[in-house]
Amino acid sequence: QVQLVESGGGLVQAGGSLRLSCAASGIIGSLSVMGWHRQAPGKQRELVASITNTGRAMHADAVKGRFTISRDNAENTVYLQMNSLHPEDTAVYYCAGRWAQWSPGYDYWGQGTQVTVST
């Protein structure tokens, strides 16, 4: 059974930093793509960043220059380093993974971790 477990969320002041981690278990090999999404209250879930198992990464415009996604294939773990946090970054952050490199959806999701940025 595949499980994605996030950690590292919490409360931080504007301008601060947090590092999210997501560990995948129950997987043989490495997922082609792992990503971070977020959902703020009253808003749709949005993609924040994704990374392939060859290290090719993309970041949403809203977080470019502030957030960095990385992964450790050997540990099946993906990270999201978040710097210069803004109150509008407040959301539940979800880790996701998929086998297909070119697919709009994800096969697996974590339970989410809350990030709250105070003014």
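I looked up the aromatic pairs and found that the structure holds two of them, a pair being rings of Phe, Tyr and Trp (its six-membered ring) with centres within 6.5 Å, counted as stacked if the planes are under 30 degrees apart, edge-to-face if over 60 and tilted for the rest.

The model is a predicted one, in which local features need pLDDT of at least 70 and side-chain atom pairs count only at pLDDT 80 or more, while totals for chains, interfaces and linings use all residues. Residues are numbered from 1 along each chain as its sequence is written, and side-chain values use heavy atoms, with hydrogens and water left out.

I then checked accessibility (buried under 20% relative accessible area, exposed over 50%, partly exposed in between, with a 1.4 Å probe and protein chains only). Trp 99 is partly exposed because its value is 36%, and Tyr 108, at 22%, is partly exposed as well.

Next came charges over rings (NZ of Lys or CZ of Arg within 6 Å of the ring centre and within 35 degrees of the ring normal). Arg 45 lies over the face of Tyr 94 at 4.0 Å from the ring centre, and Arg 98 over that of Tyr 106 at 4.8 Å.

Last, I turned to Gln 39, which is partly exposed at 29%. Leaving aside neighbours within four places in sequence, Gln 39 is in contact (heavy atoms within 4.5 Å) with Gln 44, Arg 45, Ala 91, Val 92 and Tyr 94.
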